Amino acid sequence: MLRLYNTRTRKVEEFKPHRGRDVRIYVCGLTPSAEPHLGHARSFLFFDVLRRYLRHLGYSVLYVQNVTDIDDRSIAASLQEGLPVFEVVARHFVSFKRSMQRLGVAEPDLEPRATEFIGPILTMIEKLVESGHAYVSEDGIYFRVASFSRYGELSGKHVDELMVGARIAENEHKNDPLDFALWKFAKPGEPSWDSEWGAGRPGWHIECSAMAHELLGEPLDIHGGGYDLVFPHHENEIAQTESIERPPMANYWVHGGMLLFEQKKMSKSLGNYEPLEKLLDRVDPQAVRLWFLQTGYRKPINFNEEALAGARAGIAKLRKAWRTLFNAAFGDAQTDGHALIERIHEVVWATQDYDDLVARVDEALSDDMNTAAALAALFDAAGKAEEYVRRGEARQAAVAFTYALSLLNLFAERKWLEEPKLEIDPRLIEELIERRNRARAEKDFATADKVRAELAAQRVLLHDTRDGTTWSVAE
RNA sequence: GGCGACGUAGCCAAGUGGUAAGGCAGAGCUCUGCAAAAGCUCCAUUCCCCAGUUCGAGUCUGGGCGUCGCCUCCA
């Protein structure tokens with residue numbers, strides 16, 4: 001059983017899907033008008049873990065995450081760069097996909113683009129106009145907020161208390177400052193699609209209402225996104241959908257906390273960020289994943305290099321423990337990461353043991369996705385890896401540990417499980433170790449230390465143990 | 001001005017009434033020619049401040065202080 005915080009009720013509630021085991025999730029995706037940043041990563045990484053956990057609970061999950069591939073900022077960027085909008089959008093979107101892959105975020109089941117759903121969008125607008133919830137104005141078609149009595153319910157806003165002045169842009173022709181655009185008539189040179197009212201493009205909010213309706217239908221079990229989407233985006237989606245479809249649009253509204261940089265929200269408009277791809281070139285994506293998962297998903301987090309470095313060390317600890325357990329349980333898998341992966345699936349799916357570790361992780365995640373508490377359980381187990389081996393429980397511990405890790409997808413990429421690559425031939429390493437040990441036997445420590453230094457330069461670390469000298473690769 | 005969130009050790013962070021998880025960093029010990037690894041141990045009498053409720057509060061109530069988010073495109 002999962003308990004989830006629902007923005008609409010402001011309470012943690014028991015999650016009950018509308019259609020039995022069939023769970024439908026719609027998450028507002030990226031508007032690729034600029035390079036994606038770490039804040040985007042946080043949000044989608046959380047929903048990735050949520051999906052994995054729902055599947056663990058036995059639900060069949062259909063996860064839809066849209067792409068807003070047409071909007072004002074993208075058009076502005078295309079004019080500035082002198083490139084077609086689709087080219088600008090595609091570049092940022094592809095970059096986003098690469099980063100998501102590196103972070104171990106699974107692909108959405110469906111990833112619809114706004115421009116592929118112009119038909120359903122226009123159908124919805126037509127219904128809204130016919131029913132009087134929308135009106136045609138000089139520069140576009142607007143939703144009449146006053147026509148929807150529950151407006152503000154999701155975000156807890158009172159319509160008459162909003163600072164509405166700022167909402168009126170000079171060139172907009174709204175009846176009411178709160179009204180928002182469903183369709184924007186094209187200005188010369190702008191990309192546009194034909195409609196019965198005139199060529200134009202969809203407003204931001206309508207695409208989600210239309211695509212969610214078309215692909216999943218109401219009510220969605222979970223509608224998600226970043227906290228900054230609660231108002232006005234999700235509020236507007238509710239107004240549009242529930243004006244013409246049977247409410248509610250969604251049963252659970254789930255929002256992720258913001259990522260801050262120097263105490264300010266990381267955002268495209270402030271530009272206070274390093275492009276995600278560049279960041280992932282210098283910070284281990286797996287450490288990023290751990291760092292996010294060590295904090296509650298609804299809390300704001302400050303970007304923090306020191307914490308990120310700490311997560312890097314933490315991931316090394318988990319990896320080490322995992323290797324210790326797995327090598328003890330399935331010793332032949334010493335360095336072949338691919339073989340290890342195959343074994344994981346073989347073993348995990350063949351075993352449904354729920355020992356203490358898995359139970360603890362399960363309990364933590366069921367409590368509003370408390371990934372930090374789940375990780376604490378994992379670290380406790382990691383600290384006991386040697387003990388499990390000594391007690392002859394390596395196999396069971398390895399299975400439980402692997403299963404728990406897979407719920408968080410911490411070792412998402414195969415290479416994360418492999419030993420770091422070496423340029424030096426292992427046979428040469430063995431030769432050098434022998435030479436060094438002969439020197440040590442003769443108390444020729446100068447030569448011995450020279451060998452150690454030579455190997456260290458190749459990232460090979462030597463460990464003298466009671467049973468002889470072993471080596472490992474520095475990470 | 002309205003609505004909302006947060007404030008726990010050097011850093012990050014879990015914890016909504018029962019006596020402070022976990023990670024990083026740090027310290028000591030075992031082992032050791034050196035080094036590392038590994039193991040063991042230690043590291044908040046205290047949770048922004050002040051009142052209050054309670055047998056008992058980081059957890060509830062009231063009041064401060066500070067930070068952030070939304071109200072304009074934003075995960």
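**View 1. Arg10 sits in the loop between strand E1 (3-6) and strand E2 (11-14).** Helices (H or I, at least four residues) and strands (E, at least two) are DSSP runs, numbered from the N terminus. Arg10 has a positive phi of about 60°, even though this residue is not a glycine. With 45% relative accessibility, Arg10 counts as partly exposed; buried means under 20% relative accessible area, exposed over 50%, and partly exposed in between (1.4 Å probe, protein chains only). This is a predicted model, where local features need pLDDT of at least 70 and side-chain atom pairs count only at pLDDT 80 or more, while totals for chains, interfaces and linings use all residues; side-chain values use heavy atoms, with hydrogens and water left out. Residues are numbered from 1 along each chain as its sequence is written, and chains are lettered from A and ligands numbered from 1 in the order in which they are written.

**View 2. Lys443 lies in the loop between helix H15 (426-441) and helix H16 (445-457).** Here, too, phi is positive in a residue other than glycine: for Lys443 the value is near 60°. Lys443 is exposed, with a relative accessible area of 64%.

**View 3. Phe231 and Pro232 are joined by a cis peptide bond.** Omega is about 0° at this bond. Pro232 belongs to helix H6 (residues 230-244). Now for another cis bond: which residues does it join? They are Pro247 and Pro248, again with omega at about 0°. Pro248 lies in the loop between H6 and strand E10 (250-256).

**View 4. Strands E5, E6, E7 and E8 line up in that order in an open sheet.** The sheet has 4 strands and its pairing is antiparallel; two strands pair if DSSP finds at least two bridges between them. At the edges are strand E5 (134-136) and strand E8 (200-202), each pairing on one side only. On average, neighbouring strands of this sheet are turned by 20° against each other, direction ignored. For such angles, axes are lines fitted to C-alpha atoms, for helices over the stretch in contact, and angles run from 0 to 180 degrees between N-to-C directions. Helix H4 (residues 118-130) lies across E5, E6, E7 and E8, running at about 120° to E7.

**View 5. Strand E7 (residues 180-185) pairs with strand E6 (residues 140-143) in the antiparallel sense.** The two share 4 bridges, and Phe143 stands opposite Phe180 in E7. E7 also runs antiparallel to E8, joined to it by 3 bridges. Lys184 stands opposite Arg201 in E8. Is E7 mostly covered or mostly open? Mostly covered: 5 of its 6 residues are buried.

**View 6. Glu277 is part of helix H7 (residues 276-282).** Its side chain makes a polar contact of 2.8 Å with the side chain of Ser95. A polar contact is a pair of N or O atoms within 3.5 Å; within protein, one must be able to donate a hydrogen and the other to accept it, and residues adjacent in sequence count only if both atoms are side-chain atoms. The side chain of Glu277 makes a polar contact with the side chain of Arg98 as well, at 2.8 Å. Leaving aside neighbours within four places in sequence, Glu277 is in contact (heavy atoms within 4.5 Å) with Ser95, Arg98, Ser99 and Arg102.

**View 7. Helix H8 (residues 285-293) is mostly covered.** Asp284 caps the N-terminal end of H8, with a side-chain oxygen 2.9 Å from the backbone nitrogen of Gln286.

**View 8. Helix H1 (residues 38-56) packs against H8 at an angle of about 75°.** Their axes are 10 Å apart. H1 and H8 are therefore roughly perpendicular to each other (angles under 35 degrees count as roughly parallel, over 145 as roughly antiparallel, 65 to 115 as roughly perpendicular and the rest as oblique). From H1 come Leu38, Ala41, Arg42, Leu45, Asp48, Val49 and Arg52, which meet Val288, Arg289, Trp291, Phe292 and Leu293 in H8. By class, this contact of H1 with H8 has 8 nonpolar, no polar and 4 charged residues. Ala, Val, Leu, Ile, Met, Phe, Trp, Tyr, Cys and Pro count as nonpolar, Asp, Glu, Lys and Arg as charged, and the others, Gly among them, as polar.
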